[in-house]
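Subject: Structure handover

Hi,

Here is the structure I promised you. Please open it next to this email and read the two together.

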Amino acid sequence: MSENMDPLVGVVEHSTNFVRFSVFVAQSGQMITYYQLEVNKILPREGWIEQDPVQIYETVLQCIEVVTYKLSQLDIDLDQIKCIGITNERESTVVWDKITGQPFYNCIVWLDNRTSDLVEKIIDDIPGRDINWLKKKTGLPISTYFSAPKLRWLIDNVPPIREAIDDQRLLFGTIDTWLLWKLTGQHSTDVTNASRTMLMDVESCQWDPYLLDFFRLPANILPEIKSSSDYFGDLLVSELKGVPVTGVISDQSAALVGQKCFGLGQTKVTCGTGCHIIQNIGSGPIHGALEGVPKEAKHNLLITIAYKLGAQPACYALEGSAAIAGAAITWLRDNLEVIKHYGDVESIAQMEESCGGVYFVPAFQGMC
């Protein structure tokens, strides 16, 4: 057994491209070890992007298994892991049977564009085609990006899902909720993930009856909303059975917290599949957090939950998002085949001082 008995924290991370399980020293944040595996994308049609929820869950278990083995090789006792956290890509939508635990359909990934016609129809019915019609409640424009249109599409297009609603067997969640259900048996989410569904009121941090009625969705399929720092249940599986999950937070909010952007105006930028700029604008109530924000920013940027720690008021953020960033490099590798590895891009870019007037604009989601 290791002589160093510092408490450790495990973190499950699910991104658009991979699942990772990492273990850190609780006080210092030092990483002890990690393991990650790629998650396959399923592309049934142009603009449709799916993942297999079962594969996501099984990949999490595989990563935990490898990391627990690594810890044993390092002579570290698993009892040192005191809690688990989960962070995940936002907006991706999963529906499953609460009796069998099996998904009714693949996870519809946040990048998926199949709801474009549905969203246009919704906007057509709004006075002035105002995409910010729901922004006072949600902080978000009406867009294919978020979970509510994805969920509406699933109900409209997959008959077994409608039957499951009638039988009161359907459960809905973002990836964090799906993993919590499989790992702990609890149906819950945190405020940062819930704020990206277009179904939560950003002031009350609760599911909103008006929004549910707007998208014609039943309330009984929704998970319980908790703080980002809260008790979410104990692991029922793996070598870490019995370890509590005490933190859940969406990936972009996790990056803000991870960079310690707790001060007013502090901002983080991350470039992964997409590029996301998030600025801390302070804690609630929301009208106070927005008081110093320019009108143009409130109109054009997303207003989202940065984090909520325990019983403290929610902290809010402004966000600007570009759906395609690192994904463009993947496209260069897999579709155009002009590179073999991600690292090849920089050396190619440095080969010439001038581009000769040729520019690559990765507008895969359209330009406006």
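Below is what I found, region by region.

One caution before the details: this is a predicted model.

The annotated region

The UniProt record, an unreviewed entry, carries the annotation "domain: Carbohydrate kinase FGGY N-terminal" for residues 15–258. Over that stretch the chain is 34% helix and 21% strand. The end C-alpha atoms of the stretch are 16 Å apart.

The five-stranded sheet

Look at the open sheet of five strands. Its order is β3-β2-β1-β5-β13, and the pairing is mixed. The edges are β3 (31–38) and β13 (245–250), and each of these pairs on one side only. From one strand to the next, the twist averages 15°.

Strand β2 (residues 18–25) pairs with β3 in the antiparallel sense, over seven bridges.

Helix α1 (residues 53–73) lies across β1 (8–14), β2, β3 and β5 (81–88). It runs at about 145° to β3. Helix α9 (residues 251–258) lies across β5 and β13, and runs at about 105° to β13.

G258 is found in α9. Is G258 buried or exposed? The cut-off for exposed is over 50% relative accessible area. G258 has 54%, so it is exposed. The C-alpha atoms of G258 and E38 are separated by 23 Å, and the two residues are 220 apart along the chain.

Helix α6 (residues 175–184) is mostly covered. Nine of its ten residues are buried. These are I175, D176, T177, W178, L179, L180, W181, L183 and T184. G185 follows the helix, with a positive phi near 80°.

How does α6 sit against α1? The two helices pack at an angle of about 60°, and their axes are 11 Å apart. That angle makes α1 oblique to α6. The crossing is right-handed. On the α1 side, the contact uses P53, V54, I56, Y57, V60 and L61. On the α6 side, it uses I175, W178, L179, K182 and L183. Among these α6 residues, I175, W178, L179 and L183 are also on the buried list.

Strands β6 and β8

Strand β6 (residues 94–97) is covered on both faces. V94 and W96 are on one side, V95 and D97 on the other, and all four are buried. Four bridges join β6 to strand β8 (residues 170–173), and the two run antiparallel. D97 stands opposite L170 in β8.

Helices α4 and α5

Helix α4 (residues 147–157) and helix α5 (residues 159–166) pack with their axes 5 Å apart, at an angle of about 95°. The two are therefore roughly perpendicular to each other. L154, I155, D156 and N157 in α4 meet P159, I161, R162 and I165 in α5.

Then go to the α1 and α6 contact, with Y57 and W178 among its residues.

Best wishes

Definitions and conventions:
Residues are numbered from 1 along each chain as its sequence is written. This is a predicted model: local features need pLDDT of at least 70, side-chain atom pairs count only at pLDDT 80 or more; totals for chains, interfaces and linings use all residues. Side-chain values use heavy atoms; hydrogens and water are left out. Buried means under 20% relative accessible area, exposed over 50%, partly exposed in between (1.4 Å probe, protein chains only). UniProt positions are given in the numbering used here, feature names are shortened, and annotations may be inferred rather than shown by experiment. Two strands pair if DSSP finds at least two bridges between them. Axes are lines fitted to C-alpha atoms, for helices over the stretch in contact, and angles run from 0 to 180 degrees between N-to-C directions. Contact means heavy atoms within 4.5 Å. Angles under 35 degrees count as roughly parallel, over 145 as roughly antiparallel, 65 to 115 as roughly perpendicular and the rest as oblique. A crossing is left-handed if the near helix is turned anticlockwise from the far one by less than a right angle, and right-handed if clockwise.
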